[in-house]
Amino acid sequence: MVVQKFGGTSVADPEAIQRLIHIVQTARSRDGRGPAVVVSAMSGVTDALLGIAAAAGGGRLEDALTRLDQLRERHVAAARSLAPEQAKGVLGRQIDEQFDDLVALARALAVLREVSPRTLDVVASAGEILSSRIVAAALADAGVHSEWVDARRAIITNGDHTRAVPLATETEAALRASVLAAVDAGRVPVLGGFVGSTVDGHTTTLGRGGSDYSGAIVGAGIGAREIQIWTDVDGMLTADPRVIAAPRLVPHLSFAEAAELAYFGAKVLHPSTVERNIPVRILNSRKADGTGTTITAEPPPATTPLTALACKRDVTVIDITSSRMLMAYGFLRRVFEVFERYTTAVDVVTTSEVTVSVTVDDRRHLEPIVEELSEFSQVSVDHEMALLCAVGDRLRNEPAIAARAVGVLEEVPLRMISQAASRRNITVILRQADLLHAMNRLHEEFFS
Ligand code: ADP
Ligand code: ASP
Ligand code: MG
């Protein structure tokens with residue numbers, strides 16, 4: 001049995017959901033059971049909900065209410081088109097209740113003039129709750145024996161709102177009782193991705209783009225044969241198509257390569273999917289007969305020297321310099337303790353004898369971090385930097401590839417260069433203004 005996760009564009013409107021139904025039916029008739037279906041919010045809905053919360057919290061209640069009306073209309077229209085009878089009955093009432101709750105919440109936020117992470121999660125979760133209800137009803141209307149599963153009862157997390165982390169034991173038990181039970185009863189469970197709840201029932205979310213991770217968690221939890229990530233491109237491409245004009249499809253990727261690419265976006269792996277060796281496939285929901293990308297432990301050898309490029313903008317570089325670091329121990333610990341205290345993740349680290357350079361994504365606590373670091377070192381901060389990373393298993397055994405990659409960038413000023421012991425990944429930090437040029441140079445060199 002497979003887990004099928006559908007992203008925002010794959011549930012964006014009734015036509016997209018019709019394609020989803022066809023894909024689910026095909027899997028069901030092939031496997032004779034399942035699949036388990038995980039869906040994102042309809043495209044743009046999470047952004048809209050977060051904007052509505054911000055508007056209400058900022059006192060712009062009318063604006064928030066108008067936008068809620070538009071969202072309600074979009075969901076009601078999809079429900080009517082896909083499951084007309086249910087839209088008149090239970091499904092219609094569920095959608096209305098969800099939006100009535102959101103209106104009440106918006107009013108409360110406008111009075112309180114503040115939006116806590118806990119409230120934000122309740123608002124943001126509505127997108128996946130709604131889309132999953134509509135998809136479950138649409139499947140039923142098409143004759144598929146579906147069952148809506150409340151993600152808040154299936155994915156149990158810690159209380160770190162807006163970027164909660166699933167609790168392994170609790171989630172596995174919850175998934176067995178909900179998703180697996182539905183499959184065993186011959187049904188197709190449908191749940192929202194991105195959403196979970198704490199042990200004491202507070203709604204949480206897993207961070208932006210978190211539905212991929214939900215798909216992986218469900219797949220691991222129920223021991224799926226395969227996890228399919230259905231999206232709007234043909235699979236994993238050699239580079240972000242919004243950056244490079246014509247990237248190529250990557251047919252195979254190893255778990256290790258996918259993990260190296262994970263912090264740039266899609267978190268399609270979960271430690272247990274790797275442990276249990278569950279293949280992940282990335283497929284285009286508009287071209288269901290495509291071959292997509294298959295991620296496995298030991299893929300066939302790559303035909304290109306590198307497998308893919310990835311980049312990240314808006315990176316901040318912090319240089320921490322101290323003469324005390326010279327031949328001292330304990331300096332790195334002091335540095336990283338500061339980042340830990342402010343729960344700020346560090347992406348790339350390079351060190352010289354007297355300077356540690358790190359990059360961070362999350363600038364929320366930058367000020368106090370810099371202040372504390374300044375107590376024992378000189379600190380300088382550079383914004384508008386970018387991170388570019390080249391990934392490929394072949395880097396491990398073919399040292400010339402790394403030299404060639406850095407050589408191609410000879411006229412680009414590189415701020416940091418990092419290759420860790422895994423040797424599947426070379427990462428460079430450069431000015432954001434140089435990113436496009438550098439990406440194009442590398443892509444041309446290795447993929448055209
Ligand atoms: P979904 O809603 O299905 O989760 P996302 O928008 O989150 O889809 O992710 C798919 C998008 O990721 C693609 O449309 C593409 O623009 C972007 N993307 C960035 N880098 C890559 C890459 N290397 N390969 C494929 N897609 C990529
Ligand atoms: N809907 C959520 C988001 O937009 C989660 C996801 O789509 O993966 O971030
Ligand atoms: Mg996504």
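Residues are numbered from 1 along each chain as its sequence is written. Local features need pLDDT of at least 70 in this predicted model, and side-chain values use heavy atoms, without hydrogens and water.

**Exercise 1.** State which strands stand at the edges of the open sheet, and why one side of each is left without a neighbour.

*Solution.* 
1. The open sheet has 6 strands, ordered S13-S14-S12-S15-S17-S16, with antiparallel pairing. Strands are DSSP runs of E with at least two residues, and helices are runs of H or I with at least four, numbered from the N terminus; two strands pair if DSSP finds at least two bridges between them.
2. S13 (346–351) and S16 (414–419) are the edge strands; each has a single partner strand, so one side of each lacks a neighbour in the sheet.
3. For S16, antiparallel pairing with S17 (residues 425–431) extends over 5 bridges. Leu414 is placed opposite Leu430 in S17.

**Exercise 2.** Determine which residues of helix H11 (residues 331–341) are buried, and which exposed residues its opposite face carries.

*Solution.* 
1. Phe331, Val335, Val338 and Phe339 are the buried residues of H11, where buried means under 20% relative accessible area and exposed over 50% (1.4 Å probe, protein chains only).
2. These residues lie on the same side of H11 because they cover an arc of only 95° around the axis, taken from the directions from the helix axis to the C-beta atoms.
3. The face turned away from the buried side carries the exposed residues Arg333, Glu340 and Arg341.
4. The buried residues of H11 pack against S12, S13, S14 (355–360) and helix H12 (366–374), contact meaning heavy atoms within 4.5 Å.

Key: Chains lettered and ligands numbered in written order. Predicted model: local features only at pLDDT ≥ 70, side-chain atom pairs only at ≥ 80, totals over all residues.
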